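User: Hi, I'm new to this one and would like a careful walk through it. Could you put it up so that we can go over it together?

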Amino acid sequence: MAILFIRRLVQMALILLGVAAITFVLLYALPADPARMIAGRSATAQTVANIRRELGLDQSLPVQFWSYLSNLLQGNLGRSYAQKTEVATLIMARLPATLTLMFSGIVVEVVLGLTLGTIAAVRRGGFVDRLVMMASFVGVSAPQFVVALLLLYVFAATLGWFPMSGYGTFSHVVLPAATLGVLGAGWYARMVRSAMIDVLNQDYVRTARAKGLSSRRITFRHALPNAVLPVIAMIGIDIGQFMGGVVVVEAVYGWPGIGQLAWQAIQQVDIPIIMGVTLTSALAIILGNLVADLIAPVIDPRIRTR
Amino acid sequence: MNEHSATAAMPILSVRDLDVDARTPEGRKPVLRNVSFDLAAGETLCIAGESGSGKSVTSLSIMGLLPKASLTVTAGKILLGDRDLTSLSDRAMRAVRGRDIAMIFQEPMTSLNPVISIGTQLTEAIREHQGRDNADAVALQMLDAVHMTEPARRLKQFPHELSGGMRQRVMIAMALSCRPKVLIADEPTTALDVTVQAQILKLMRELKREFDTSIIMITHDMGVVAEMADRVVILQNGSIVEQGGVIDIFHRPQAAYTQQLLAAVPILGAHAGIDGPPRVSAEPKQPLPAPDRSPVLNVRDLGVSYGSAAGRIFKGKPPVNAVSDVAFDILPGETLGLVGESGSGKSTTGKAVLGLIPFTGQVMIDGRKIGMLSQRDMQAVRRSAQMIFQDPYASLDPRMAVGRAIAEPLVIHGIGNRTERQDRVADLLRRVGLPPEAASRYPHEFSGGQRQRICIARALALEPKLIVADESVAALDVSVRARVLDLMLELQETMGIAYLFISHDMAVIERMSHNVAVMRGGSIVEMGRRRNVFEQPKDDYTRALMAAVPIPDPAARRHHG
């Protein structure tokens with residue numbers, strides 16, 4: 001167990017290092033010049049050169065990367081070029097909003113996906129099944145901004161049930177979370193449906209029927225836990241997908257999270273913020289996978305280590 | 001047996017003129033026709049037949065577990081006492097299942113839910129049918145009744161922690177926990193090792209008396225029928241061809257099909273007193289290259305271990321020795337039968353001698369040491385050694401025409417041009433008893449036995465000197481199996497092929513082999529001429545293995561009652 005844990009930690013560190021290196025090289029190769037962006041259009045070449053030296057941008061790539069890394073190891077993510085604030089402070093200020101959004105989005109997709117997928121599998125071939133499959137197809141294929149605008153139009157503008165944008169109360173989170181969850185819910189509904197159909201054909205389900213158990217017990221106690229296992233592994237991987245959606249959803253709903261921060265930073269070539277946000281999301285994905293790996297053994301005794 | 005003549009008047013369960021249809025895209029097809037039989041109190045009724053005979057459909061009809069979308073009962077009655085089960089509502093049928101009629105299945109490895117503890121799986125049926133007060137106590141009693149060691153600890157365990165035999169004991173405990181009047185056992189020992197099978201069959205006989213249950217046993221194995229049955233029903237293509245007392249069926253079979261079925265059953269000891277396998281071909285025996293009797297396969301100090309992946313920073317478990325210290329020779333035109341139970345390392349040995357998995361020690365095929373060869377030399381060795389696998393369904397590409405599959409080895413080794421290869425394929429198909437036109441068809445158009453013939457043709461394409469046959473007939477029905485074995489013997493006689501014949505089935509090994517090696521726990525425990533091993537076994541394990549094989553003759557039963 002201890003060895004397993006250490007192995008996991010080493011893996012995490014290596015992945016973060018890889019992400020940092022790749023992002024750094026990509027940003028370095030960018031044709032845009034951050035110093036020019038900071039100095040403004042009318043600045044003289046001298047000013048731009050001064051800023052470049054000040055930020056250390058005149059040094060070679062390995063030197064720059066090394067100094068970034070050594071700062072990072074001390075927990076220092078650097079300062080934003082544009083906002084002159086510690087990147088860590090900026091991210092920490094916005095992280096709670098993003099985490100709230102992500103968590104509610106995941107709840108929406110998992111609850112919706114599991115429910116619809118299970119119903120479709122049990123009623124396989126029937127009307128409900130076809131309806132769910134069609135809805136999930138729409139969910140999977142509709143672009144997120146379209147879903148967002150649709151939800152805004154219906155539930156905010158027309159019905160007035162939820163606010164158009166903003167942050168702070170439960171009713172603020174409903175539409176963004178739904179937008180974020182609809183895509184995943186479509187995926188999960190399809191996944192759970194096919195996993196359930198597979199499980200319902202397994203020998204142990206036949207055994208359960210032969211015992212005379214009720215179909216409710218067979219579905220929820222015997223089949224569902226087995227069908228959910230592949231879904232759990234997916235959720236860990238899924239968080240990466242989610243980060244992309246977060247940027248769009250935060251922009252549409254004016255949600256003050258790190259997605260918006262990243263969006264601004266990309267426009268301003270604010271390299272320290274882009275690096276910081278990228279590393280934060282990488283960490284989130286790694287932790288998400290870790291959580292998925294920790295949940296799986298709770299359901300599946302075959303992969304429990306003692 | 002006297003009790004059953006007394007109660008014959010009032011059967012526990014009575015199936016009357018049962019018809020079942022399958023719904024297919026092409027319309028309805030009959031699956032069962034006019035099936036009628038009675039099950040008397042305290043009786044064991046065996047329903048025997050080959051695949052497709054409808055024996056499993058019969059049992060699922062009784063349980064009301066036919067897949068609704070594809071199979072329906074169209075006529076007939078299933079009477080449990082005075083109730084017709086075919087007319088019960090789903091709800092009423094649910095109350096019958098598990099309480100009045102319980103069932104155990106073939107595959108103990110997949111019949112228990114992997115994520116639910118043994119205890120919960122045992123108690124849920126008891127709770128469903130008998131209330132919740134004493135379910136745990138009953139579960140414990142039941143595990144005790146099926147002779148599970150440490151029953152209290154087992155309740156907390158999960159299926160993957162138990163062996164196949166133990167899981168089948170749990171299944172039996174589960175099925176009998178509500179003291180059903182009828183226990184249906186569908187091939188309950190087919191997936192088990194022969195020694196475990198003997199234990200499970202003994203347990204079922206014992207519990208039948210203890211729990212006062214009648215048993216319907218579905219099986220393809222006439223040996224099991226002879227051991228277990230009071231009465232026998234023989235099914236073929238969905239109809240009963242014959243039924244009667246077990247002695248009558250075995251000693252005075254009336255229907256031609258029953259006679260065929262019994263004739264095809266390999267009987268352990270049938271070849272006593274003879275040195276080699278029986279001659280099957282009509283052609284005169286090919287004179288073997290007598291002076292050159294150097295072994296076609298020579299194996300020394302063979303070892304295989306799993307889990308020893310080198311170069312990993314954090315090593316997990318220590319390597320497990322799957323095979324160690326295995327040594328044998330096979331002469332041209334001879335067969336070494338490698339017999340053992342699951343986990344004995346027999347399949348691993350088969351793969352290792354063809355260089356399909358990493359091994360230690362020395363393997364020489366046709367005088368060439370494998371393992372140290374370059375890619376090209378290895379290919380040359382592969383030409384002289386081929387393999388036939390267990391599952392003819394999985395070992396042919398469903399999207400590749402049979403002719404292409406057979407010609408593929410020729411293509412890989414660059415032999416002949418297109419027309420020459422076509423001629424060769426036609427010739428090979430004839431050799432294995434299939435028409436040359438089969439070349440343009442696809443695997444799904446063939447039966448299991450025909451597919452295995454195709455696999456054999458493919459293996460023969462390169463005119464190998466050695467064929468490794470790993471459980472090559474295990475998935476086939478007895479009559480088909482007998483014909484495939486005959487084909488393999490005939491090919492050996494005419495082409496001088498040597499076989500490494502791997503099987504768990506003692507009778508098949510006896511029929512096929514010149515020499516026999518018995519494996520257990522990764523090593524050979526006994527090896528010698530077939531006659532010596534079968535007639536004077538020296539090792540205790542060999543003796544136990546042979547004693548466990550059911551004898552297809554009810555008069556030879558080794559137990560009473």
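Analyst: What follows goes through the domains, the interfaces and a few single residues.

User: Before we start, what should I know about how to read it?

Analyst: This is a predicted model, in which local features need pLDDT of at least 70, side-chain atom pairs count only at pLDDT 80 or more, and totals for chains, interfaces and linings use all residues. Residues are numbered from 1 along each chain as its sequence is written, chains are lettered from A and ligands numbered from 1 in the order in which they are written, and side-chain values use heavy atoms, with hydrogens and water left out.

User: OK. Which domains does chain A have?

Analyst: The assignment for chain A gives domain 1 (2-73) and domain 2 (99-303), with bounds that come from an automatic or database domain assignment. The centres of these two domains of chain A, taken over C-alpha atoms, are separated by 33 Å.

User: How many residues are in contact between them?

Analyst: On the domain 1 side of chain A there are 15 residues in contact with 16 residues of domain 2 of chain A, where contact means heavy atoms within 4.5 Å. Together the two domains of chain A bury about 1400 Å², and 84% of that is on carbon and sulfur atoms; buried area here is the accessible area (1.4 Å probe) that two parts lose on being put together, summed over both. Within domain 1 of chain A, the residues that lose the most area to domain 2 of chain A are Arg8(A), Met12(A) and Leu27(A), together 35% of what that side buries.

User: Which salt bridge is there between those two domains?

Analyst: The count between domain 1 and domain 2 of chain A is 1 salt bridge, a term for a side-chain nitrogen of Lys or Arg within 4 Å of a carboxyl oxygen of Asp or Glu. The side chains of Arg8(A) and Asp293(A) meet in a salt bridge, at 2.9 Å from N to O. Helix H1 (2-28), helix H2 (34-39) and helix H4 (61-73) of chain A are the elements that give two or more residues to the side of domain 1 of chain A that touches domain 2 of chain A, and H1(A) gives the most, with 9 residues. Helices (H or I, at least four residues) and strands (E, at least two) are DSSP runs, numbered from the N terminus.

User: One helix in chain A looks bent to me. Where does H10(A) bend?

Analyst: H10(A) bends by about 45 degrees at Leu224(A), and Pro225(A), a proline, follows within four residues; the bend at a residue is the angle between axes fitted to the seven residues ending there and the seven starting there. Helix H10 (residues 215-253) of chain A spans only 43 Å between its end C-alpha atoms, whereas a straight helix of 39 residues would span 57 Å at 1.5 Å a residue. The expected span is 1.5 Å times one less than the number of residues. After H10(A) comes Gly254(A), whose phi is positive, near 55 degrees.

User: Now the two chains. How much do chain A and chain B bury between them?

Analyst: Chain A and chain B bury about 2400 Å² between them, 58% of it on carbon and sulfur atoms. Arg206(A), Ala210(A) and Lys211(A) supply 24% of the area that chain A buries against chain B, more than any other three residues. The contact takes 24 residues of chain A and 29 residues of chain B.

User: And how many salt bridges are there between chain A and chain B?

Analyst: The count is 2 salt bridges between chain A and chain B, and the side chains of Lys211(A) and Glu124(B) meet in a salt bridge at 2.7 Å, N to O.

User: What about chain B, how is it divided?

Analyst: Chain B is divided into domain 1 (2-263) and domain 2 (297-306 + 320-549), and the C-alpha centres of these domains of chain B lie 35 Å apart. They bury about 890 Å² between them, 49% of it on carbon and sulfur atoms, and across this interface in chain B the rule finds 0 salt bridges.

User: Why does the pair Asp19(B) and Arg33(B) tie together parts apart in sequence?

Analyst: The side chains of Asp19(B) and Arg33(B) meet in a salt bridge at 3.7 Å, N to O. Asp19(B) lies in strand S1 (residues 13-24) of chain B and Arg33(B) in strand S2 (residues 27-39) of chain B, so the pair ties together parts that are 14 residues apart in sequence.
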